[in-house]
Amino acid sequence: MKRRVLVGGLALLLLPQAAVAQIDGGVPAQPVVESAQAVREIFAARPFEFCHEPKYPLTPAEKAWCDLGAGDNTQACPALRQACKNDAQASQIELREPISFRLPELGLPLRLLLWILLGLGVAMLGFALVRHFLDHKSKDGVIKTQSPDSAEDDRAAAFARQVETDVQRLLERARAEAAAGDFRAAIGSAYAALLRRLEGAGVVHVEPDQTNGDYVRKVKHDQPAIAGQMLAVVDAVETAQFGDGAVTREGFDGVWKRVTGLLAERIGVLLLAGLVMFGASCGPPRDGWDHSPSGRAGVIEYLGKRGFKVHERLLSVAKINDSTAEQLILLPGAHLGDDEWKAVKKWILTGDHALVIAGGRRELPDWIGMRIVEKQAVRSEPVTLGDAESKLWGALRVRVPEANLLENKPDSRTLLTRKQAPYAAERWFEHGVASDDEDDDYNRVLVLADDFLLRNASLLVADNAAVLDKLLRGGGTNVELAGDLTGLVSSNPVESVQRGRLGPALLQLAAFLLVFFVCKGARFGRPTHSQRLQRREFAEHVRALGLHYARARGERLALGFVGTYASERLRERCGLRVDRSLSGLADAVATRTGRPVGTVMRMLLEARDASKGVPADKGAHDLETVGELCKLLEETGGTGGHKPIPGNL
Amino acid sequence: MDTNQFQATFETIRREIERALVGQTELVEHALIALLARGHVLLEGAPGLGKTLLVRVLGQVLACDYRRIQFTPDLMPSDVIGGNVFNQQRGAFDFLKGPVFTQLLLADEINRAPAKTQSALLEAMQERQVTVDGVTRPLPEPFLVMATQNPIESQGTYPLPEAQLDRFMFKLSVLSPSHDVETAILRNHLAGFDAQALDRLNLARVITPAGLLDMQNHARRLRVDEGIVSYIADIVCRTRAHRSLYYGASPRASIALLHGAQARAASRGRDFVIPDDVKALAPSVIRHRVGLQPDAEIEGMSTDDCVAEILRDVRVPETIAA
């Protein structure tokens, strides 16, 4: 039984992954569509905006497809011709090489030196942290910042230009106002720049109800190191704004120096750190699975229509031997280390598999026997099919933009040529060695000089779509695409940390929290201000109000309030919302509580008189009536959180 | 007197007071500001928090005449302002001055006296004079009333009427001390401090009444920008239209806020007022001059909440142009 439960639980756990795999599979099985028709069907869809929007902004690289006639395929992509006539207005995000840090093989002394340097760095970081907390704790807490010289001013301005144009505009405005002799306004603008920068750093929030003092207090609390400078600036600003003395150039210069000093030093460092952290958190952009001319969404759809089953591979290529795919396409974003290449080699040599390497800045291992040479082709040079391919595939034309070329060994076979040099070549392997035997469709490595044939725009040019189909057809229809995200997924959180090399960062975070905890003590993480109770129970309100009036000798008023409340509740509870007569209510309450009708009627009448402001008769006991009414409420029960009224009321 | 002298004197007075009264920095500052702005102060707080001590110490440090009236339910107006007494030797009525004829008056537990007696102070506080049997007599200068009331007890008390409350420039809440302050108070007592024997502290008489008047006049001369005036008016006007307030503050509140801000600015060594001065004093000036709507009271709101809301809504003058 336990085992069955365990299996059920595992199934539940695995279910979402299976779903993800299905989604990744993307293209369900469907009848194969003829190549040109498939292209037309694909680009008829709205997501391929460049085919439907004449003003679609193209990048310079995408414009290159226009020169190759992409815009002429008006049947499949009617708006591209017009888009091609416009200037290139968009820009492409450059793919970055991932930063991999690996210690070089150094001798013992150098390695020791490296560790010493690393240790020093950590010690300095710790020292900076401790000093920060000590500063924070000290009463004055103000670290005097030296005013920078003019070179530092320029550096500050340059820094401001780089990171925040808004601040830069304010500084420019301050300069202009100072040049025009309006020093009061110039001081205001310089101060505004400082506030905006502080806001950008998350230290203050500029709001219309906040005074300068509020900002100073916030800075004093969050950044005590700059509070002194900030206070000096605020003093000068307020003197200019509210004082009656003339504002001079010297006054402005003083503010300007302090503001630019603050911008350049502390806050600049804060912002820079923020930007670095932000940059570090952003990986390389996902390699064009989109619907732009440079993307691949159309290619994947096209292959699907042509009978391929295309999956995006997320697991590491090192685990390719566990894959059921027949063909693996390495896109430029896929970065393979030694382990991955070994796994791929084993996968190719021992099974019936094919590998397609679609360009990329990578050193291919020797066993592939080919090398990609960057930017060797001339744009005007067409790509031609090899003799065998011409015979087999017919007269197909291939056009791609300026591209790389290949260098290959003699035992490889060139499929596409450009300027007498190979553009696409393949090599066959059998029992671990290269072979001339092409009978079997597998054990093949196909190398393309670049990935242009796998871009959306390529499908619109010449016979590129058909050629792509023919090139891949020999490797099997079950295809996996390895791109930027390949190898970034992990099977468990620990592996994620290992893969992301997050161990040191997490350790640093833990150390930081530890320091913070030591500094702040048990109060850390505990709310220091308890939340104020916003709303009390309504019955409690009424009781409090009644007591309030009773103490102020307002029994009559209290009876009026409580009486109105009690009458309404009694009507609700006796189901007399329609019948508004007091006698009916008295009858119903008397029946329900067993009290004499006359007593109930007397109470209700007194309550009504009190609520209408009729003065009390001599000898009236309003508070007693209030108590009696509350008892009636208790006896009739109901909701509303009613609590017993104290007996001494 | 210049601004620097003003600031130095203010700080000296404050330091002397804080020798006896520990941990009530804001209370002391506001009380001094009221004094320098020619205002009166209503102190509200639980018993034993040092309200009376503050006034006594203030009297010593300022070298002013100091009187205390313990308000009781049977206290009569003549017990406060004085009255005409028949002089048998002369065969005529002589005016016997009441305790109000002093420079520093402590009206202790003012809400224990009936409204009739409380009202005896109205003219004294506003006009700084007393009229008895048609004869008006001026009160000595400077004249400051510091009244105390206990917010907890309600048996046998008479809430101050709105007109009386409006005469007080500030209503200050005396808060219970923190653990550290409490410890400091105990240490003081261990070291021999006795609130009943202030002479032993040898408190310095920092300023004479004439010097105090000089400071008051200096504060009144401070520059107030047009934007600040508008800011004050905005704040006070909004109390009259606030949804949670039954009635708003009177123009007297605006004036009190203006003069209070001037005194605060001078105490900080400035010769001009900034929005921070206004914002810091607004709660103390307004909280007792407005009445809460019943529904707001039921919701648990306080007048301080309303003031804070108003301050959030009002735009501070000379906000940065960015």
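View 1. A:Leu113 counts as partly exposed because its relative accessibility is 46%; the class lies between buried, under 20% relative accessible area, and exposed, over 50% (1.4 Å probe, protein chains only). The model is predicted: local features need pLDDT of at least 70, side-chain atom pairs count only at pLDDT 80 or more, and totals for chains, interfaces and linings use all residues, while side-chain values use heavy atoms, without hydrogens and water. Residues are numbered from 1 along each chain as its sequence is written, and chains are lettered from A and ligands numbered from 1 in the order in which they are written. A:Leu113 sits in helix α5 (residues 108–137) of chain A. Helices (H or I, at least four residues) and strands (E, at least two) are DSSP runs, numbered from the N terminus. With A:Leu110, A:Leu112, A:Ile116, A:Leu117 and A:Leu120, A:Leu113 makes a nonpolar surface patch of about 580 Å². Such patches take residues with over 30% relative accessible area and no salt bridge, with nonpolar side chains (Val, Leu, Ile, Met, Phe, Trp, Tyr) joined within 5 Å.

**View 2. The contact between chain A and chain B.** Chain A gives 28 residues to the contact and chain B gives 26; contact means heavy atoms within 4.5 Å. About 2,400 Å² is buried between the chains, and carbon and sulfur atoms give 53% of this area. A:Pro208, A:Asp209 and A:Phe242 supply 27% of the area that chain A buries against chain B, more than any other three residues. Buried area is the accessible area (1.4 Å probe) that two parts lose on being put together, summed over both.

View 3. The side chains of A:Asp214 and B:Lys279 form a salt bridge at 2.6 Å, N to O. Between chain A and chain B there are 2 salt bridges, each a side-chain nitrogen of Lys or Arg within 4 Å of a carboxyl oxygen of Asp or Glu. On the side of chain A that touches chain B, the elements giving two or more residues are α7 (165–179), α8 (183–200), α9 (212–222), α10 (224–242) and α19 (538–551).

**View 4. Chain A by itself.** Chain A has 23 helices and 11 strands. Of its 649 residues, 42% are buried. Among its contacts between residues at least 6 apart in sequence, 69% join residues at least 24 apart.

**View 5. Chain B by itself.** Chain B holds 13 helices and 11 strands. Buried residues make up 52% of its 322 residues. Of its contacts with a separation of 6 or more, 76% come from residues 24 or more positions apart.

Methods: Patches are made of residues with over 30% relative accessible area and no salt bridge: like charges are joined within 9 Å, nonpolar side chains (Val, Leu, Ile, Met, Phe, Trp, Tyr) within 5 Å. Accessible areas come from the Shrake-Rupley method with a 1.4 Å probe; for residues, only the protein chains shown count as cover.
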